[in-house]
Amino acid sequence: MRYELYIDVFFLENLLMDYFLLRLSVRLLKCSATHFRCLAAAAAGAGLACLGVIFFRKYPLLNTVLVSVAVTALMVRFGCKIKDKKRFLQGLFCLYLSAALLSAVWRFLRRFAGTEVLKGAVLWGAAAYGLTTFLLWLYGLLQEHHSRIWKVVLCQSGVCKEVKGLYDTGNGLWDATCRKPVSVISYSLIKELFSLELQKELEAFCGCRKGERPELLAGIHPHYIPFRSVGCREGCLPAVILDCLYLENGNTSRVVTRPVIAIDRERSSSPRSYQMILNPNLINS
């Protein structure tokens with residue numbers, strides 16, 4: 001079997017794809033390698049691949065080992081600006097993962113091209129890189145959103161309630177008396193922790209009314225927390241102190257004793273992906 005290989009086209013195609021792979025690996029590793037560094041490493045990898053084809057074309061196994069292992073390791077080491085062994089192994093994994101992603105997207109897009117020339121390779125290679133980058137960006141957004149949603153279990157007098165809590169860096173509520181951070185939950189959810197008699201007294205307290213048996217509230221220490229929201233809105237939120245709450249997100253968990261919980265009566269029925277606004281100090285402390 002005989003075929004012709006244009007070494008300049010082979011070099012440019014390898015340069016393009018190696019550069020895209022290195023940029024995707026840099027994105028996955030979140031390292032500080034520049035575009036010029038990746039381009040230089042890609043050029044070196046493409047050049048070595050051409051040399052392998054020229055001098056080792058009669059030894060396909062040796063050529064495969066040279067290109068797949070040695071050249072890849074060289075590009076990862078210098079193109080991604082990696083020094084330690086652990087990060088180097090992570091870089092190899094990210095490069096091969098990027099190659100699998102880019103190859104799948106490229107093959108899908110090239111079905112519409114119907115060309116094998118360099119122009120088609122550049123066009124669809126760039127399109128595959130752009131689409132893969134977009135998918136990774138979208139995946140990162142979903143991961144970030146997931147990391148901000150925590151499983152929260154509120155406990156009071158043996159009764160527990162599980163809700164979804166949002167890790168909100170904008171929540172700066174602080175109880176100056178108890179010297180504790182304050183989280184916010186709707187009244188419709190927190191009332192399930194209490195008896196019917198206590199619910200009536202708590203509702204009267206939240207509405208600034210006098211209840212029939214206010215002594216029932218002694219166990220949850222009701223008080224008011226001043227706040228200011230976006231738009232210079234000011235006011236006071238009713239707050240209570242529960243026995244404890246449990247926080248969980250993946251492999252991370254927290255137990256908070258005697259948490260201060262502010263009650264929001266205005267947003268009890270608004271549709272949201274979370275049910276409670278967590279104070280970041282509960283998690284970062």
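Author: Happy to! Let's start with β1 and β2, which run antiparallel and are joined by 8 bridges. Please keep in mind that this is a predicted model. The two strands make a hairpin, with 2 residues between them.

Now look at the turn. Ser157 sits in the loop between β1 and β2, and its phi is positive, about 55°, although it is not a glycine. Most residues other than glycine have a negative phi. Ser157 is also exposed, because its relative accessible area is 59%, and the cut-off for exposed is over 50%.

On to the next pairing of β2. β2 is joined to β10 by 3 bridges, and these two strands run parallel. Here the pair to find is Gly165 with Met276, its bridge partner in β10.

Leaving aside neighbours within four places in sequence, Met276 is in contact with Val152 and Leu154, with Val163, Lys164, Gly165 and Leu166, with Ser183, Val184 and Ile185, and with Leu245 and Ile261. Met276 also belongs to the largest nonpolar core, which has 28 residues; together with Ile190, Leu202 and Leu247, Met276 touches the most other members. The biggest contribution comes from α7, with 4 residues. As a general background, nonpolar side chains in soluble globular proteins tend to be buried together.

Tyr274 lies in the loop between β9 (260-264) and β10 (276-278). Leaving aside neighbours within four places in sequence, Tyr274 is in contact with Ile149, Lys164, Gly165 and Leu166. Tyr274 and Lys151 are 123 residues apart in sequence, yet their C-alpha atoms are 9.7 Å apart in space. Is Tyr274 buried or exposed? Tyr274 is buried, because its relative accessible area is 19% and the cut-off for buried is under 20%.

Cys208 is in the loop between α7 and β5 (223-229), and its phi is near 60°, in a residue other than glycine. With a relative accessibility of 64%, Cys208 counts as exposed.

Helix α1 (residues 7-29) has 23 residues and reaches 32 Å from its first C-alpha to its last, close to the 33 Å expected at 1.5 Å a residue. After α1 comes Lys30, with a positive phi near 60°. Helix α2 (residues 35-55) has 21 residues and spans 30 Å between its first and last C-alpha, close to the expected 30 Å. The buried residues of α2 are Cys38, Ala41, Ala42, Gly45, Ala46, Ala49, Cys50, Gly52 and Val53.

How does that relate to the core around Met276? The largest nonpolar core, again, has Met276 among its members. A second, separate core of 26 residues includes Leu21, Leu24, Cys31 and Ala46.

Terms used. Residues are numbered from 1 along each chain as its sequence is written. This is a predicted model: local features need pLDDT of at least 70, side-chain atom pairs count only at pLDDT 80 or more; totals for chains, interfaces and linings use all residues. Side-chain values use heavy atoms; hydrogens and water are left out. Buried means under 20% relative accessible area, exposed over 50%, partly exposed in between (1.4 Å probe, protein chains only). Contact means heavy atoms within 4.5 Å. The expected span of a helix is 1.5 Å times one less than its number of residues. A nonpolar core is a set of buried Ala, Val, Leu, Ile, Met, Phe, Trp, Tyr and Cys residues joined through side-chain atoms within 4.5 Å. Two strands pair if DSSP finds at least two bridges between them.
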